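Hi,

Here is the structure I promised to pass on. Have a look at it first, and then read my notes below.

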Amino acid sequence: MQPERVIRGRRVENDAWVVVGLPPHEDLAAALPTGPVLVPLALWLERREELAARRDALGIWLKPHDDPAAIAGDLDRFSVVAVHFPKFTDGRGYSSAALLRTRYGYRGELRAFGDVGRDQLFHLARCGFDAFKLAPHRDPDAALASFTDFSVRYQGSLDDPVPLFRKRAVSGGNPR
Amino acid sequence: MYRYDSYDHALVAERVAQYRDQTRRYLAGELTDDEFRPLRLQNGLYIQRQAPMLRVAIPYGLLSSGQLRMLAHIARKHDKGYGHFTTRQNIQYNWPKLEETPDILALLASVEMHAIQTSGNCVRNITTDHFAGVAPDEIVDPRPLAEILRQWSTFHPEFAYLPRKFKIALNGAEADRAAVLLHDIGLHVVKNPAGEVGMRVIVGGGMGRTPIIGHVIRDFLPWRHMLTYVEAILRVYNRYGRRDNIYKARIKILVKALGVEEFTRQVEAEWEASKDSLAVITDEEFARVAAHFEPHPYESLAEVDPVYVQSRADSRSFTRWAERNVHAHRKAGYAAVTLSLKKTGVPPGDATAEQMEFVADLADRFSFGELRVSHEQNLILADVRKRDLFALWQAAKSQGLATPNVGLLTNIVCCPGGDFCSLANAKSIPIAEAIQRRFDDLDYLHDIGELDLNISGCMNSCGHHHIGHIGILGVDKQGAEFYQVSIGGRQGNSAALGDVIGPSFAAAEMPDVVEKLIDTYLGVRHPDELFVDTVHRLGIAPFKARVYGDTREIARAA
């Protein structure tokens with residue numbers, strides 16, 4: 001079987017993380033698989049101590065409606081925080097990422113997964129995601145090109161908090 | 001007007017390249033219909049009844065003559081030789097080929113235009129007063145703020161996949177000419193007692209299936225915080241707006257569900273936590289953008305122009321046009337002029353390539369090479385010397401652009417309807433035409449006085465029927481096209497939604513229905529009372545009785 005692949009640091013790498021709470025590991029009552037796991041928020045809230053005591057790496061994943069505030073005090077317990085996109089048109093995860101990075105100061109790996117394709121990567125990266133697990137039928141190598149779709153960004157965001165207008169004021173805007 | 005610098009040019013060029021590649025991948029089968037749909041929509045492309053429809057953004061309705069010539073060129077080369085100006089100050093082409101849309105976007109980019117976010121669940125084109133910069137009652141020219149907002153909203157990474165479309169309007173004058181009470185966010189520029197500029201923030205207005213007048217959630221927002229506050233509103237909406245039901249996904253439903261107070265509390269809390277960001281607008285940026293909207297080099301003229309006065313004395317038809325289509329200007333000796341796109345027999349808002357080129361020439365000759373699109377679907381030359389008005393009128397007349405009906409019944413606001421739009425329940429253009437034909441007597445029209453008649457082909461209400469003094473809505477009744485009539489709606493500072501008068505009518509009945517409404521009004525109006533004011537004074541009962549006959553007939557029709 002092909003290893004799972006993830007885009008991390010603008011490179012495609014093999015991915016060892018297993019998502020618990022979604023098929024094929026949807027049974028929350030089952031024993032956790034060995035190796036690094038991403039657990040859903042509900043499981044973390046229910047079995048926090050047991051999960052924190054695990055030897056293998058631990059990550060958490062949020063549903064679109066999960067409030068990042070619920071893990072604001074726990075962020076140093078996770079090697080990965082992931083945000084699930086059941087449909088790429090559900091944009092709540094973009095706000096979740098922005099809040100995790102700004103309001104709650106999360107600095108670790110922030111991963112987008114689910115129905116994610118190359119046409120979302122540029123905006124996802126701007127909102128603070130730095131790892132991307134594309135939908136299974138998507139080619140991550142081809143998707144890398146889309147990180148450079150735009151060289152200009154009007155607004156400040158997580159990738160560069162300085163809005164263009166503050167740079168124009170310095171550079172004079174180079175009018176044509 | 002705003003001119004692109006190298007950043008703006010680069011951004012739009014990169015967008016064209018991105019979309020070209022997305023279209024290529026779609027045509028190659030690498031993207032499914034579902035995957036491509038949001039991508040094409042955010043580039044203005046719908047798939048319609050007959051062909052794709054491309055909606056091109058006209059930011060806050062302002063165009064240069066060169067841009068209008070390009071729109072004409074596109075109409076000729078990629079469409080059937082015409083375009084349709086919309087109630088949100090955009091232009092739509094109804095016959096482009098999907099394969100050609102990347103080329104159309106490239107042509108637009110060459111004249112500093114685009115179709116970015118003209119559709120889809122994102123922040124749409126920012127609209128404003130079509131008399132911005134020239135209106136005598138203006139507090140602050142809204143265009144620099146609208147341009148700053150346009151740039152901020154363009155590819156905002158957090159808000160590209162909102163629950164539903166999101167429309168923002170900005171008004172800078174005393175009188176509201178941007179329908180700020182009927183947008184997802186309306187920003188009405190005001191000055192506080194200290195003379196500082198800020199804005200009244202209105203949220204959750206809108207037409208469509210659930211028409212609601214917006215709620216003021218903040219009386220005074222310092223202008224430098226325009227972006228931070230809008231960002232807070234959008235974040236609350238993005239996180240909590242409904243996504244399970246497309247008909248309940250607009251922000252107005254969220255405001256209603258939470259209550260205005262709780263919604264406001266959440267926005268204010270979000271804003272408190274995020275407002276001190278680098279998105280606070282700097283004086284330098286405002287000055288940079290505002291410099292693009294400096295007043296034109298006007299001549300010093302007398303307020304009263306003898307040539308204009310004489311022409312009015314000489315020509316009754318010119319006077320009639322001047323009374324309706326010429327508007328006050330803040331600069332002495334100048335006027336703003338509406339070129340009507342409401343000639344009977346032509347779909348409201350439609351203009352041919354030849355007309356566009358002709359108007360571009362008029363703009364060069366009479367109005368500093370610029371023009372505006374109004375939300376009533378007309379074109380406006382905003383800076384015309386009064387002494388040139390007669391010559392302008394003669395020229396406009398020769399191209400069917402001088403119908404003297406601004407503010408009158410035949411200046412019908414109308415969506416493309418069932419002739420083109422796949423969402424429509426019923427046709428709207430033939431209804432507009434039938435009514436225009438019935439009311440073709442100018443003396444009669446002027447006697448009726450100011451009257452907004454708006455027609456939408458479905459409850460999405462692109463034709464703004466809710467705020468028409470007379471509003472007509474196309475509905476589907478067991479597969480047949482019917483029309484529901486409401487009266488008493490109005491736009492502006494005291495915006496109101498119309499009340500439905502009763503059961504709907506067949507298309508052929510519509511001219512009679514409108515005539516009966518007008519007859520009722522003429523019979524009971526007070527001197528100088530507008531139709532809509534009579535409706536508000538008397539209620540809908542007398543109108544209803546006249547239209548439906550006696551009560552037995554009303555019961556039977558129901």
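Predicted model: local features only at pLDDT ≥ 70, side-chain atom pairs only at ≥ 80, totals over all residues.

α17 of chain B spans residues 531–538, and its buried residues are B:Phe531, B:Val532, B:Thr534 and B:Val535. These four sit on the same side of α17(B), because the arc they cover around the axis is only 160 degrees. As a rule, residues three or four places apart in an α-helix point the same way, since there are 3.6 residues a turn. Among the elements covering the buried residues of α17(B) are β19 (480–487), α16 (510–524) and α18 (541–548) of chain B.

Next, the cores. The largest nonpolar core has 129 residues, and the members that touch the most others are B:Met226, B:Ile233, B:Val359 and B:Leu381. Helix α6 of chain B (residues 226–240) gives the most to this core, nine residues. Another core, of 42 residues, lies apart from it and includes B:Leu409 and B:Tyr548.

Last, a sheet. Five strands of chain B form an open sheet in the order β3-β14-β15-β12-β11, with antiparallel pairing. Its edge strands are β3 (62–64) and β11 (326–327), each pairing on one side only. Helix α12 of chain B (residues 353–366) packs on the sheet, where it touches β12, β14 and β15, and its direction makes about 25 degrees with that of β15(B). Between β3(B) and β14(B) there are three bridges, and B:Ser64 stands opposite B:Glu370.

Cheers

Methods: Residues numbered from 1 in each chain as written. Chains lettered and ligands numbered in written order. Core = buried A, V, L, I, M, F, W, Y, C linked by C-beta atoms within 7 Å. Buried ≥ 20, exposed ≤ 12 C-beta atoms within 10 Å, placed from the backbone. Helix = DSSP H or I, 4+ residues; strand = E, 2+ residues; numbered from the N terminus. Pairing = 2+ DSSP bridges. Contact = placed C-beta atoms within 7 Å. Axes fitted to C-alpha atoms, helices over the stretch in contact; angles between N-to-C directions. Arc of directions from axis to C-beta.
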